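Trainee: I'd like to learn how to read ring contacts and disulfides in a model. Can we start with charges and rings?

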Amino acid sequence: MTKTNKLTIFIAMMFTANVSLASQSLHVAELQVKTNQVINPETKQTETTFKVDDYEVVLTKDDYQRAKNWNLSATDWAKYKYAIEFTPRGKWTPDLDPPIVLGNLAKTEAERIKYAKIMNELELDRRSREIAFQLSAISVLPKETPNQPEQQSRLKSVLPADKSILKSIFIDTETCDSSCNEFLLKESAGTSSRTKLNIIFTTESTSKQASILSSAGLNKEKISDKGITVTTNNEIAEKYKANNTYPYVIIQDDSGISRRDSGAKG
């Protein structure tokens, strides 16, 4: 058999295989959840049973607690548990956060928005708590020997590996005007590569925050590229504001804490 004939047969086999695969419908789990109320014969209590795609999924006490802490319903958790156990998603990304798993598997835009909101709220809460801890942890560093190795290691423990300075800009979302925007622009632009930058707003108004950030030349891409954390934490903002006004900056490094208000020079 000539090389030309072999090549012709090979191409024909590949074409046949592709036609065969195309004719087969891809099975994708529907993730339809059905619930049923039953009476437990031992406890006489009403319990909810779950079936995902007609497969019974049992939720333990631990499952209910995990669902609660992820801000998900029991139905959501049954769907998530089934997806991780029985669908390819469990192999592809077994450690993905539950709301993201459910969002990726959602069939409608309404579902995707639902899980996106949950994940965003969890992420904002995480950032807010991490910033609060960073500020608190650095504020209690010993002042007697600022160059002491122990102090340096404690400072680095609450900062990313490539950062040695924490800079937090506090903005009053409701009263930020052109001078406030200019302050944010100068302070963010003057941030070195060794500095972890946080921008902390007093109130959660997505549109107002976006407008303020945009006026300072900070779009989503730049915020992501520079590793800037943007969050809302009025309690921390008021704590550090003391008797001064917004906006202001707190800078923390191995030598201690310094402050710069919007009226300050340099």
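Mentor: A charge sits over a ring if NZ of Lys or CZ of Arg is within 6 Å of the ring centre and within 35 degrees of the ring normal. Here Arg259 lies over the face of Tyr248, at 4.2 Å from the ring centre. Keep in mind that this is a predicted model, where local features need pLDDT of at least 70, side-chain atom pairs count only at pLDDT 80 or more, and totals for chains, interfaces and linings use all residues. Residues are numbered from 1 along each chain as its sequence is written, and side-chain values use heavy atoms, with hydrogens and water left out.

Trainee: Which aromatic cluster does Tyr248 form part of?

Mentor: Rings of Phe, Tyr and Trp (its six-membered ring) pair if their centres lie within 6.5 Å; planes under 30 degrees apart are stacked, over 60 edge-to-face, the rest tilted. Tyr248 clusters with Phe170, Tyr240 and Tyr246. The whole structure has seven aromatic pairs. One of them is Tyr82 with Phe86: the centres are 5.1 Å apart and the planes at 45 degrees, so this pair is tilted.

Trainee: Is Tyr82 buried or exposed?

Mentor: Buried means under 20% relative accessible area, exposed over 50%, partly exposed in between (1.4 Å probe, protein chains only). Tyr82, at 12%, is buried, while Phe86, at 44%, is partly exposed.

Trainee: And what does the disulfide join?

Mentor: A disulfide is a covalent bond between the sulfur atoms of two cysteines, taken here as a sulfur pair within 2.5 Å. Cys176 is joined to Cys180, S to S 2.0 Å. Their S-S torsion is about -95 degrees, so the disulfide is left-handed. Both Cys176 and Cys180 are buried.
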